Amino acid sequence: MYLEPSMKQMVIRRTVRKFAEERLSPVAVEMDATGTFPSEIIREMAKLQYFGLEIPAHYGGAGLDAVSYAIVIEEISRSCAAVGLCICVHNSVSANPIYEFGTEGQRKTFLVPMAEGQAIGTFCLTEPNAGSDVSSLGTIAIRDGNGYVLNGNKVFVTNGGMSSVNLIFAVTNTTGKQKRYSVFIVESERKGLEKGPNEELMGMRGNPVCPIALNDCHVPVENRLGGEGQGLKIALSSLVDGRIGIASQALGIAQASLDVSLEYAKERYQFGKPLSEFGAIQNYLVNLVTRVEGARLLTYRSAYLKDQGLAHTKEAAMAKLYASEVAVDVTRVGLQIHGGYGYTKAYPIERYYRDAKACEIYEGTSEIQRLVIARSLGYG
Amino acid sequence: MDIIVCIKQVPDVPNIRLDEHRMTIIREGVEGIINPLDCVALEAAVNLRERQGGRITVLSMGPPQSEEALREALAFGADQAILLTDPAFAGADTLATSHVLATAISMLKPFPDLVICGRQTIDSDTGHVGPQIAEELDLPQVCGVNEIHPQGDSLVVKRLYDGFQDTFRVNTPALLTVSQDLSSPHHIPLGDLERAFSDREIIRWAIKDLNLKPEEVGLGGSATRVWKLRKAASKRRGEIVTGSTQSLVEHVIRKLEALSILDEESGNG
């Protein structure tokens, strides 16, 4: 068993870290303060192929393996979690499903501009009354001639404020006991699709998260992703891989917190010696380092299993659950190590703390991840 | 324009550790990176190719793991990569290294128009290798250039030296070593990295491919030996000054002026 990244993966980490430290770290504070996402960052990252990470080169992507993908998201999130979230959602639950389930026409029309970073994607499942509980989905798509008419409301749409391509999950049967779900690729400029104002978020504030309303939105049948009724399968499959992305994101935030906390503990003197020489602080740091490394192993392993074409539903859920809880713990304890200074905006740890919390909630709450893992054990 | 860029894989400086007994840098467990000034050399080559057309060959002497640096250079934009690797090359000083690199360059057909090296490496900092290659190949050389302008069959290059800017016209073929001021290396697209590691080839030449004798390379071919290697004690000392903000600012300005960092008359750096 060999548990080290390959030569290529090490160079990818170094390359992404250099880019992120030079270009993203300097804008992260302002993105958080103003709740804006600089468009020049998108253009720059598009040229460097961050928007088609796992998409093959002939569709305009970088063609990376899943472990490399995880490393990229980790490193981006280490510098700026809001950008990490954008790249993660765009790739794992928007571009990847179009590649995996799309027709050749859909790949050419939607995937190529997405992989080239010309069109930003979203994944619109959550509704005011349906999040973890997918069966409560209320968005309806009624067949109308050569297309569908969509009505409903989506909320908390990551990347929503800057998206061009939206994957909308809707119910396509109005009769029968069992709801059947389908997915539609809906362009942002399509008549009947309206975006609401961006949410005022606690963390990940640079990402334009907004509601999307569908009011008699006519969508041609060729925009349906997969067959009618395949929506749940597409959603669940996308979310499994999405979890690897969120785990990577949590890992990046945790690593950033660890880096600044280790540094702070060396620099801050109390009672005539640095904090790092106090046993209590050392214990904190040792526990954090160990847990971050554990989260890294779980995350990379789930990505590795995906690369091998092996089942990884349980492993991705474990990675997402563990890494996001570690991120919240590392930022919380890291803030404690920073003391009063950590509670100010002069230090980045308070931002990491706010950013980390989202990882326990989106793309399946920690409670849902536990449900997925419990089912893999034969419960429920 | 056929360009050769010589690169070296070096340990990432913050992580450098020394083996004082064997008098070498400990490379095991330390991440290797392309020497930063060699990235500037690569960037210069990519810019020249954009303007003049041609081909970039990246060349490195080192252990087998130097392949990583060469693949990164391919992703950076090089067209071809050659790794000069052989256990016999181990222990080489700058002279033996230059000899191996110069021999490899002399074997290339056609002979390159330009050889570019970083001015020095961050792990040994000698600045010898570029000039020694130029001497062995009898090429005109300019070291530490910060501007390169092709003009017909020659190059107009500039360098900053002792506060003066020198301008040279150099006939090609020539060798240049570059300084940090020349350019900022571009960020590498991820797809180029993927291809460099999955699809591209690295040409490997050992001692027999270069028709060299063991006594010409490695320790045997070295003119120097490291006599002693130890970690220098840091002599940086801080100075704690107290007082009002105004007096502290004035103190700092006086210090910077004394160090000639701040110009007394203009107030500019």
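Glu200(A) counts as exposed, since its relative accessibility is 69%; here buried means under 20% relative accessible area, exposed over 50%, and partly exposed in between (1.4 Å probe, protein chains only). The side chain of Glu200(A) meets that of Arg205(A) in a salt bridge, at 3.0 Å from N to O. A salt bridge is a side-chain nitrogen of Lys or Arg within 4 Å of a carboxyl oxygen of Asp or Glu.

This is a predicted model, in which local features need pLDDT of at least 70 and side-chain atom pairs count only at pLDDT 80 or more, while totals for chains, interfaces and linings use all residues. Residues are numbered from 1 along each chain as its sequence is written, chains are lettered from A and ligands numbered from 1 in the order in which they are written, and side-chain values use heavy atoms, with hydrogens and water left out.

**Salt bridges**

- Over all chains, the count comes to 36 salt bridges.
- Asp32(A) and Arg354(A) form a salt bridge whose closest N and O atoms are 2.8 Å apart. This pair links distant parts of the chain, 322 residues apart: Asp32(A) is in helix 1 (residues 7–34) of chain A and Arg354(A) in helix 9 (residues 349–359) of chain A. Helices (H or I, at least four residues) and strands (E, at least two) are DSSP runs, numbered from the N terminus.
- Asp32(A) is buried, with a relative accessible area of 9%, and Arg354(A) is also buried, at 14% relative accessibility.
- Asp329(A) forms a salt bridge with Arg332(A), with 3.5 Å between the closest N and O atoms. Both residues lie in helix 8 (residues 313–342) of chain A, three residues apart, which is about one turn of the helix.
- Asp329(A) is partly exposed at 23% relative accessibility, and Arg332(A) is partly exposed at 43%.
- A network of salt bridges links Arg13(A), Arg17(A), Glu74(A), Glu75(A), Glu293(A) and Arg296(A).

**The sheet of chain B**

- Nine strands of chain B form an open sheet with mixed pairing, in the order 11-10-9-12-8-1-6-7-13. Two strands pair if DSSP finds at least two bridges between them.
- The edge strands of chain B, each pairing on one side only, are strand 11 (164–171) and strand 13 (203–205).
- Strand 9 (residues 141–151) and strand 10 (residues 154–161) of chain B pair in the antiparallel sense over six bridges. His149(B) stands opposite Val156(B), which belongs to strand 10 of chain B.
- Arg159(B) is found in strand 10 of chain B and is buried, at 18% relative accessibility.
- Leaving aside neighbours within four places in sequence, Arg159(B) is in contact (heavy atoms within 4.5 Å) with residues including Val142(B), Asn146(B), Phe164(B) and Phe168(B).

**Where chain B meets chain A**

- In this interface, 18 residues of chain B are in contact with 23 residues of chain A.
- The area buried between the two chains is about 1700 Å², of which carbon and sulfur atoms give 63%. Buried area is the accessible area (1.4 Å probe) that two parts lose on being put together, summed over both.
- Four salt bridges are counted between chain B and chain A. Glu72(B) forms a salt bridge with Arg14(A), the closest N and O atoms being 2.9 Å apart.
- Strand 5 (32–34), helix 2 and helix 5 (190–198) of chain B each give two or more residues to the side that touches chain A. Helix 5 of chain B gives the most to that side, with seven residues.
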